[in-house]
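This briefing looks at how parts of one protein model pack together. Please view the sequence and the structure before reading the points below.

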Amino acid sequence: MTTRTPRHSVAAFETVIEAHLLQNRYVSVDRKSFHRGLAIFSEFVLAAIRQTPSGESRLRKLEALHGDKTGEQILGDLCKWMGQNGSLATLRHGFKCYARPLRAAFVGTCANGFDARGNLHAGPGGQL
């Protein structure tokens, strides 16, 4: 016997919202990648930073300083920055890790889009 979710339950509402988002260019992120202590999706954030303009070169410089601990350092500084300045200001203006400015978000027009691997591409008239 299968159990059915009542039509007007929170779970049913979340299912409808998730389906709508996935049909409109959102991507599903594995729950296991959520870092409970920092309250972020660590690997997703690091990938987003790497894909921002100048993010790759700045990460290489930080990796030269921190080696295997680079990701931990960046995430720690990001969370500290968000705690001091707020999440929205950090998304808008970025944060600093060892005096190197980093961004964890993309700014652009609606013409921008992600490919199947999650890489951002500027569309016609789009700007990264």
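In this predicted model, I74 touches L46, I49, L59, L62, F95, C97 and L102, leaving aside residues up to four places away in sequence.

**The nonpolar core**
- The largest nonpolar core has 13 residues.
- I49, I74, F95 and L102 are the residues with the most contacts inside this core.
- Two or more residues of this core come from each of helix 2, helix 3 (55-66), helix 4 and strand 3 (95-97).
- Helix 4 gives the most to this core, namely four residues.

**Helix 2 against helix 4**
- Helix 2 covers residues 42-51 and helix 4 covers residues 70-85.
- The two helices pack at an angle of about 95°, and their axes are 11 Å apart.
- Angles of 65 to 115 degrees count as roughly perpendicular, so helix 2 and helix 4 are roughly perpendicular to each other.
- On the helix 2 side the contact is made by S42, V45, L46 and I49, and on the helix 4 side by G71, I74, L75 and L78.
- Of the residues in this contact, six are nonpolar, two are polar and none is charged.

**P53 in the loop**
- P53 lies in the loop between helix 2 and helix 3.
- The relative accessible area of P53 is 55%; exposed means over 50%, so P53 is exposed.
- P53 and L102 are 49 residues apart in sequence, and their C-alpha atoms are 9.5 Å apart in space.

Methods
Residues are numbered from 1 along each chain as its sequence is written. This is a predicted model: local features need pLDDT of at least 70, side-chain atom pairs count only at pLDDT 80 or more; totals for chains, interfaces and linings use all residues. Side-chain values use heavy atoms; hydrogens and water are left out. Axes are lines fitted to C-alpha atoms, for helices over the stretch in contact, and angles run from 0 to 180 degrees between N-to-C directions. Angles under 35 degrees count as roughly parallel, over 145 as roughly antiparallel, 65 to 115 as roughly perpendicular and the rest as oblique. Contact means heavy atoms within 4.5 Å. Ala, Val, Leu, Ile, Met, Phe, Trp, Tyr, Cys and Pro count as nonpolar, Asp, Glu, Lys and Arg as charged, and the others, Gly among them, as polar. A nonpolar core is a set of buried Ala, Val, Leu, Ile, Met, Phe, Trp, Tyr and Cys residues joined through side-chain atoms within 4.5 Å. Buried means under 20% relative accessible area, exposed over 50%, partly exposed in between (1.4 Å probe, protein chains only).
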